[in-house]
Amino acid sequence: MKFSNRTAVVCAVAMALTMAGGTAAAQGKADDGLALGRKMLAEDNPGDLWVERGQRLFTERRGPKNASLEKCDLGMGPGVVKGAFAQLPRYFTDTDRVQDLESRLLTCMVELQGFKREEIVRNRFGTLDRDSDMEALVSYIGAASNGLRMNVRLTHAKEREMYKAGEYAFYRRSGPLDFACVTCHGESGKRIRLQELPNMTKAEEMREVIATGWPAYRGTHSTVRTMQHRLYDCFWQMRQPDLGFASDLSVALTTYLNHSANGGEIKLPGVRR
Amino acid sequence: MKPANHFVVLTAAGLAIAGCAGFPDAETTAKSAERMVNEAHTLGAPALIRRSVQDDSQRACSMIGGTGGGANLSQEQSAAIVKAARDSIQYPASGKLSGDWKTGEQLVTDGRGQRIVNGQVEKLPYNGALCTNCHAIDPKEVNAGNVGPSLAAYGAQRGNSEAVARYTYERIYNAWAFMPCSNMPRLGASGFLTPEQIAHVVAYLIEPGSPVNIKP
């Protein structure tokens, strides 16, 4: 049953994307067709299936310790998911680290449920053959903040350290192609081929990017992808070595980017190409 | 306490409070961010991990708040980047700076090459030249980016003289010789493209038979 649902969704999405692409090609413009495709998808967002599965994974007793995640503190108190996405990344006393949603979930799944860290990291990104628990949990927790506004506070010194490191990394050029994030994301109205690039130095564009996706259902991937995956994918395209999952560098960039989206109204999971 | 001492104490207290509520300074930030970069990549051979290490020009082009074109560079920095870029430029053994435009055509729309997954570089016979990722070139091609300027009719406007071929070749080989910190990658200098490949791309841009220069 689950499989046939999923298949139906994948087909619907493929159709919507094809139609969107056709419109774009006909008009010679990228944005109109893509906007139409997104609108069609948003009305019946396949990501909702990941939200449901994430809720189940959060409340079910699982793992070697047969525990749910209802004692997982995402910054709002044990088990509280509402508003958690809006204030992440943030500093956590127990780990003495600044953590984003994924790295915090990783901590909870290891500490509370007894899963092996390597196992979670290996399955961090879903494939067509295997769903990722992380992608489902992030979808659920993201959606639990819907209607709230991004509010990353930077009250702890380590949060401010992360923010500044993220800003530094955003402008840091390296690799065989001399890319930094800002190479593609420093001006408005730019595209790589037909893919529009948000200007990440502009708050109004960032509020949209962060508050309405990631997590986002990616039509070309047939799954929900998280911010960690978005950053990993950028590093891949920049010809950088694999970006370590939940690495400080990834959390620093997310701290910088999420903070710049403060005030954005959350509507997750998003829908992306 | 003398008023002057009061001032010192108050200033010190003020600075301490500012330190608590404020952001780390640039030097501290650079140090912690560089540590994070060093720790972020663990998969793959050392040569691949080293891609995240900057050369001097990249470091100078990474100023916070800067964008392509390096508007915040000092004259000395600019000169150093241009000199390093000029010194990097090598030419095809044949001496021919304009090669075969048909081979060039295949390269300019090819956006692949050198990407890493799980510590392994994608296996390809050659790297694409990545041009249409950012530039409109063939007027008939819709699937082109706009991060860089349009190059449609490039040769029709400039001709295909030796001087145009040389300028175009050098500009692709190392864009920073002309515009320090340009968004454009230093495609020849980094070894991403061979001198021969660049000559083929030059031909595609400047030769009269190329679709780039045929009136639509």
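Guide: What follows begins with one helix and then moves on to the other parts. Please keep in mind throughout that this is a predicted model.

The helix I would begin with is helix 3 of chain A, which covers residues 47–59 and so has 13 residues. From its first C-alpha to its last, helix 3 of chain A reaches 19 Å, which is close to the 18 Å expected at 1.5 Å a residue. Several of its residues are buried, namely A:Gly47, A:Leu49, A:Trp50, A:Val51, A:Gly54, A:Leu57 and A:Phe58. As background, an α-helix has 3.6 residues a turn, so residues three or four places apart point the same way.

Two packed helices are described by the angle between their axes and the distance between the axes. For helix 3 of chain A and helix 6 of chain A, the latter spanning residues 133–143, the angle is about 100° and the axes are 7 Å apart. Because angles of 65 to 115 degrees count as roughly perpendicular, helix 3 of chain A is described as roughly perpendicular to helix 6 of chain A. On the side of helix 3 of chain A, the contact involves A:Gly47, A:Trp50, A:Val51, A:Arg53, A:Gly54, A:Gln55, A:Leu57 and A:Phe58. These meet A:Asp133, A:Glu135, A:Ala136, A:Leu137, A:Ser139, A:Tyr140, A:Ile141 and A:Ala143 in helix 6 of chain A. By class, the residues of this contact divide into nine nonpolar, four polar and three charged. Within helix 3 of chain A, A:Trp50, A:Val51, A:Leu57 and A:Phe58 are among the buried residues, and these four also take part in the contact with helix 6 of chain A.

Helix 9 of chain A contributes A:Ala203, A:Met206 and A:Ile210 to the contact, while helix 11 of chain A contributes A:Leu257, A:Asn258 and A:Ser260. In this contact there are four nonpolar and two polar residues, and no charged ones.

The loops of chain A hold several backbone details. Another cis peptide bond joins A:Trp214 to A:Pro215, here with omega near 10°, and A:Pro215 lies in the loop between helix 9 and strand 5 of chain A. In the loop between helix 6 and helix 7 (157–170) of chain A sits A:Leu154, whose phi is near 55°, a positive value in a residue other than glycine. A:Leu154 counts as buried because 21 C-beta neighbours lie inside 10 Å. Phi is also positive, near 70°, at A:Arg239, which belongs to the loop between helix 10 (227–237) and helix 11 of chain A. A:Arg239 is buried as well, since 24 other C-beta atoms lie within 10 Å.

Strand 5 of chain A, to which the loop holding A:Pro215 leads, belongs to an open sheet of three strands in the order 6-5-7, with mixed pairing. The edge strands, each pairing on one side only, are strand 6 (223–225) and strand 7 (270–272) of chain A, and the twist averages 40° from one strand to the next. Strand 5, residues 216–218, pairs with strand 6 of chain A in the antiparallel sense over three bridges, and A:Thr223 is the bridge partner of A:Arg218.

Finally, there is the partner chain. In contact with one another are 48 residues of chain B and 41 residues of chain A. The elements of chain B that give two or more residues to its side are helix 2 (26–40), helix 3 (46–49), strand 1 (116–117) and helix 7 (131–134), and helix 2 of chain B gives the most, with eight residues. By class, that side of chain B has 22 nonpolar, 22 polar and four charged residues. Leaving aside residues up to four places away in sequence, B:Pro24 touches A:Arg160, A:Glu161, A:Lys164 and B:Thr29. With 18 C-beta neighbours inside 10 Å, B:Pro24 counts as partly exposed.

Conventions: Residues numbered from 1 in each chain as written. Chains lettered and ligands numbered in written order. Predicted model: local features only at pLDDT ≥ 70, side-chain atom pairs only at ≥ 80, totals over all residues. Contact = placed C-beta atoms within 7 Å. Nonpolar A, V, L, I, M, F, W, Y, C, P; charged D, E, K, R; others polar. Expected span 1.5 Å × (residues − 1). Buried ≥ 20, exposed ≤ 12 C-beta atoms within 10 Å, placed from the backbone. Pairing = 2+ DSSP bridges. Axes fitted to C-alpha atoms, helices over the stretch in contact; angles between N-to-C directions. Parallel < 35°, antiparallel > 145°, perpendicular 65-115°, else oblique.
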